[in-house]
Amino acid sequence: MADLLEADQPLLIADSLSKSYGRIAACREVSFSLYPGEVLAIVGESGSGKSTLLQLLSGQLAPSGGHVSYRMRDGVTRDLAALGEAERRLLFRTDWGFVHQDPAQGLRMAVSAGANVGERLMAVGWNHYGRIRESASDWLTRVEIDVARIDDAPRTYSGGMRQRLQIARNLVTGPLLVFMDEPTGGLDVSVQARLLDLLRTLVAELHLAVVIVTHDLAVARLLSHRVMVMKGGRVIETGLTDQVLDDPREPYTQLLVSSILPP
Amino acid sequence: MNAPAYNFAYLDEQTKRMIRRAILKAIAIPGYQVPFASREMPMPYGWGTGGVQVTAAILGPQDVLKVIDQGSDDTTNAISIRKFFAKTAGVGTTTATDQATVIQTRHRIPEAALHENQVLVYQVPIPEPLRFLEPRETETRRMHALAEYGLMHVKLYEDIARFGHIATAYAYPVKVNARYVMDPSPTPKFDNPKMDNCPALQLFGAGREKRIYAIPPYTQVVSLDFEDHPFEPYRFNAPCALCGAENSYLDEIVTDDRGSRMFVCSDTDYCEGRQAAGHHGALSAAPYKDKAQGDANG
Amino acid sequence: MTAMIDIAGANKTFTMHLQGGIELPVVRGVTFHVDPGECVVLSGPSGAGKSSILKMIFGNYRCDSGRIGIRHRGEIINLATAEPRQVLNVRRSTIGYVSQFLRAVPRVATIDVVAEPLIAGGMTRADAQARAGALLHRLNIPERLWPLPPATFSGGEQQRVNIARGFISDLPILLLDEPTASLDAANRAIVVELVAEKKRRGVAMVAIVHDDEIRHLIADRIVDVTGFAAAA
């Protein structure tokens, strides 16, 4: 892990990213670099532009200004906008993951858990049922889902299980970068704790770079190395997670931090 | 022409040209679904409006037409389409596979080997093989464009997970010319191997869905599968009860209200041909063995 | 220069925006150094800024001006201006911090809480757990508690788990914030032993200790922070 964190080449670079809808600027001049194995939390309240930023970073939304670059497996850093659609989609099925807040958006609800996990493998040409199933079983175990449920559709799963299944589905191809949009939102507190712990372990074990959008500062503290605080589409404060949360500088960040109920 | 109120083969010439252009494009890109401006036909959707338009566009006065429905020449659908073209185009019709130049079919490929001077026209209800897993047409088109076919294997995976083997028995997905994944219309997977390297031209028309696609002669057609669960054509336990054929596709016929049944060739022409040549099955003395000739009267 | 920590003219002020933007000066002109194998104890009354200084050295509090030089892998890094990534690297391989309170993740077993820094440093799980077990044993945490998450432990037990986690790795700098606060005499003595062992290995330490006896036992030098107190 030490080597990865000290890798001197960023994996993802945002360069003055902006997005406006008419006169409304959802995201203004956001720049940062994300390194392999690094977890960056984007915090802020609803409407602060954090979800828009996530969509810009993951190439799902075209920016009005600025660029996103990603270092491909061949070591060449390329502008996402210059990638062909086939390349971008391949990236999304292999090197990248995206964990949605609502698992129904990230899963095929009518298809068995095993096939949900196996889909990305089949998409990159795995053609051996036994091996696909073995890999799916392995991943279900890693996300603490009973392998006996492998043939059940996620419709029959609880909210926490669905979210864990979505994570397995994303991680099966060994991605380098995972985007997460409020992954613990909408879950019970006890279920949240379990999921956070699991995420934390997996992120460390797999040396994942993560961009996680959350309004929950406790999630940011537990998972992230670095925090970006957004307000009105702008990044108003950024730094080490514990630094920003323990020694917030900006008025808005101080307000956010002081709004947390003591544990 | 014996039906002067209609243009030859019912459709006007401009429409036929439009359909022919779509067919040519379909032949040029094997397995690719070409959109076309499907017309209203004097029959309901689901009765072969796509196949009929394709047939209308390719028929010439010298053609001999055969129409089958589930392999049979004498079902309502087959007979009415055959009569339709006999009336509007005045072409000759036949039930004999080897004498036909155009064969329109619903759900079967004839047992007799096709040859180079034949065109097989399939009636297709749903042309999109990815539809049931990905309902968005915009997305499935993109998947075809980028040859992203992992999803097709998800369906086969589900089959094995649920039934222990690939249980898809009809509309079994194929890859055409190593590029496009195609739905071979609801033919039984028994017929899939006949599509591969077939000397005849195969055209597919979906009227409601407004799509035409094609397999040119001698084109590679591979049924999708897994390495450890290879494609297996369906096999029957018994030979045809009428003609004794051991390698044809059989229909199950219930013969009384006490559960008795018999299995007979679904391809009536093939079965009758064999019986005429002296082949016999276990029940070939059945009372309805009388042979229908030409345009059977129902 | 051979000092592990070299702080010069470091200033820290909190601006409380929610209280009308009042400025709360914490420390000014903090200047001292710590050599390898040396334990410097910060002294001064409550509120004089001892904990803030420790947090500045750890990079947890930002520094408004001045420099906080840390010897990291043979090079001096100024934490006052370092990039977040550099700070993380310094924490991973140079500075350890033993706080008063354990911030544990639910569901993680005590043995793994303690072993984690070693695993993060690349040791195999089995080796790390073996070392964690030995340290927990020494700190009188009974083996039956090892598989349990420490969240339900008593204050003293949690503190000892925390100490084990802080002392387990071989980092060249350790910051100790009241490491013996809620411990009994026997366990305090063990902590004193652990500090002495670290010194012998050349570890530079900065500590805050209120107990005079312990301070006397571990301090090589005392830095009085009253001199750095910012005039409010």
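Which helices and strands of chain A and chain B each supply at least two residues of the lining of the second largest pocket? On the chain A side they are α2 (50-57), α3, β6 (96-99), α4 (103-106), α5 and α7 (159-171), and on the chain B side α4 (137-145) and α5 (150-163). Helices (H or I, at least four residues) and strands (E, at least two) are DSSP runs here, numbered from the N terminus.

Some ground rules come before the rest. This is a predicted model, where local features need pLDDT of at least 70, side-chain atom pairs count only at pLDDT 80 or more, and totals for chains, interfaces and linings use all residues. Residues are numbered from 1 along each chain as its sequence is written, chains are lettered from A and ligands numbered from 1 in the order in which they are written, and side-chain values use heavy atoms, with hydrogens and water left out.

Back to the pocket, which has a volume of about 1,300 Å³. Of its 40 lining residues, A:Phe92, A:Arg108, A:Arg169, B:Arg136 and B:Glu139 are the closest to the centre. Helix α3(A) gives the largest share of the lining, 5 residues. Sorted by class, the lining has 14 nonpolar, 11 polar and 15 charged residues. (Ala, Val, Leu, Ile, Met, Phe, Trp, Tyr, Cys and Pro count as nonpolar, Asp, Glu, Lys and Arg as charged, and the others, Gly among them, as polar.) On a 1 Å grid over the protein atoms alone, a pocket is an open set of points with protein on both sides within 12 Å along at least five of seven lines, whereas a cavity is a set of points where a 1.4 Å probe fits but cannot get out; lining residues have an atom within 4 Å of a point. Points are joined across faces, edges and corners, and a volume is the space filled by probe spheres set on them.

Next comes the meeting of chains A and B. Their contact (heavy atoms within 4.5 Å) takes 22 residues from chain A and 20 from chain B. Together the two chains bury about 1,800 Å², 55% of it on carbon and sulfur atoms; buried area is the accessible area (1.4 Å probe) that two parts lose on being put together, summed over both. A:Arg89, A:Asn127 and A:Tyr129 supply 37% of the area that chain A buries against chain B, more than any other three residues. There are 6 salt bridges between chain A and chain B, a salt bridge being a side-chain nitrogen of Lys or Arg within 4 Å of a carboxyl oxygen of Asp or Glu. One of them joins A:Arg89 to B:Glu148 (2.7 Å, N to O). On chain A, the elements giving at least two residues each to the side that touches chain B are α3 (85-93), α5 (113-123) and α6 (129-142).

Chain A also meets chain C, with 34 residues from chain A and 27 from chain C in the contact. About 2,600 Å² is buried there, and carbon and sulfur atoms give 47% of that. The count of salt bridges between these chains is 5, including A:Arg249 with C:Asp64, whose closest N and O atoms are 4.0 Å apart.

Finally, the structure holds 2 cavities of 30 Å³ or more. Helix α1(C) gives the largest share, 3 residues.
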